[in-house]
Amino acid sequence: MFADIAKVFIKSGKGGNGHVSFRRELYVPAGGPDGGDGGKGGDIIVEVDKGLNTLEDFRNRQKYIATPGEEGGGKRMHGKNGQDLVIRVPEGTIIRDFETKKIIADMSGENQRMVLLKGGKGGLGNMHFATPAMQAPKFAQPGQDSRELWVQMELRVIADVGLVGLPNVGKSTILSMCSNARPEIANYHFTTLTPHLGVVGLKGDRSFVMADIPGLIEGASEGVGLGHEFLRHIERCKVLIHVVDASGSEGRDPVEDIRTINDEIAKYDPRILQKPMIIACNKTDLIIDEQGTDCALTRIKEIYEPQGVKVFAISAATNTGLRDLLEAAWTYVEAAGAEKTEVYESEVDLETLGHKEQLAIEFKKLNADTYSVEGPKIEKMLGYTNLQAEKGFEFFQQFLVDQGIIRKLKKMGIQEGDTIKIYGHTFEFYDTDAYEEGDLQSAIDLAFPKRHAEKGDEVEDEGIGYDEGNEDD
């Protein structure tokens, strides 16, 4: 089976945690904190490999996980960065979010390499949080979480010319006579089960890529038969050659065959019929009465040539008429040569793609002026945050803003001065919008609710003091 669809799990590397350590050496006064930063997690990168033409590799491996960053070390040592993971795909691969089916990336045209999921940033070590007022910070920043996602990859063959038509009309024979491609050829329906590509060479160093698309049947756009799996492969072709059995050797009416295929293409995507189309009336060597008024070739020319569609009588088996057909195809390819391959735009935000689902946060209004906020993510945050330290509390305060907790409380009607209870901690709410930027007292209120430092005071055990000459305190 031709592998043109694959489901794959991808996960970037988690950022390494910052380190907490202190330098204590003889004859080194005030060594202080020296915890290093964590390493960055590895990225998931997708890259086009022009040597690939199927998604066969993804049948044997479905999980791609980049390595995480290492934790920082003592003596200001930076943790090792995680190694990026490069996933190579054929040109023309469309990557979708498996759940929503939205397009993430189309690896076509100039889009040959891109970062699909970014690795988490490494956390800062405690050496970054030392201040004159807090010389021994006992906390560090955790590394950012990794990102993960199930994606669906779809290969859409990129060819200049696509051969379309019902089964057993000679498409594979035409490709084998025009190029070095050797598709399986036999006198039965659905001989071709996979698209085949071949390079057609013409005089004057001219060439183009031709694709043999498996035969379509009536109802293909609705999933009938084998061809419906490959309708997507004709979307990127610049020119379509509609091959029809002009001899009627299968007992079908060639004119009706053309209408059937055009109807199925229109149902799938009407824009495809706007591409240049050539009709190749194959197997003319089997026509007995070529001059008869009821000859299929004559009727096809009467119907389609007035519409501007070129009609060629050919016989792939005897190599008759193929040169004129290929020259006409080259004329259309050359005219469309300046046009870039249609590349689908991304339908997702790559900056937020793959973020883990946010853990639930529970809000309660205990009474008129008291609110409770709880949730596993908040509890986890409190587990590695030192609220008694100025920087630690600033981290926690920013966390409440980033997670939309403050915004939610405002929607619930919280007013300035109301109380917020979070896992045994009690805070007094101050609305930042009520203060002007640069108001020193409001900054103190926001950083430490219910613990206001006055000028000249020192707060023991919290490493906080107010110095008239140091506004940073």
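Ground rules. I number residues from 1 along each chain as its sequence is written, and my side-chain values use heavy atoms, with hydrogens and water left out. Because the model is predicted, local features need pLDDT of at least 70 and side-chain atom pairs count only at pLDDT 80 or more, while totals for chains, interfaces and linings use all residues.

Entry on β16. I looked up strand β16, residues 370-374; strands (E, at least two residues) are DSSP runs numbered from the N terminus. Four of its five residues are buried, so β16 is largely enclosed by the rest of the structure. Buried means under 20% relative accessible area with a 1.4 Å probe, protein chains only.

Entry on its partners. I count two strands as paired if DSSP finds at least two bridges between them. Strand β15 (residues 362-367) runs antiparallel to β16, with five bridges. The two form a hairpin with two residues between them, and I found Lys364 opposite Ser372. Strand β17 (residues 419-422) runs parallel to β16, with three bridges; there Ile420 is the partner of Tyr371.

Entry on Glu235. I found Glu235 in the loop between β11 (206-212) and β12 (239-245). Is Glu235 buried or exposed? Its relative accessibility is 9%, so I list Glu235 as buried.

Entry on its contacts. One, of 2.6 Å, goes to the side chain of Arg156, and another, of 2.5 Å, to that of Tyr344.

Technical notes:
Buried < 20%, exposed > 50% of the residue type's maximum accessible area, 1.4 Å probe, protein only. Polar contact = N/O pair within 3.5 Å; in protein donor to acceptor, adjacent residues only side chain to side chain.
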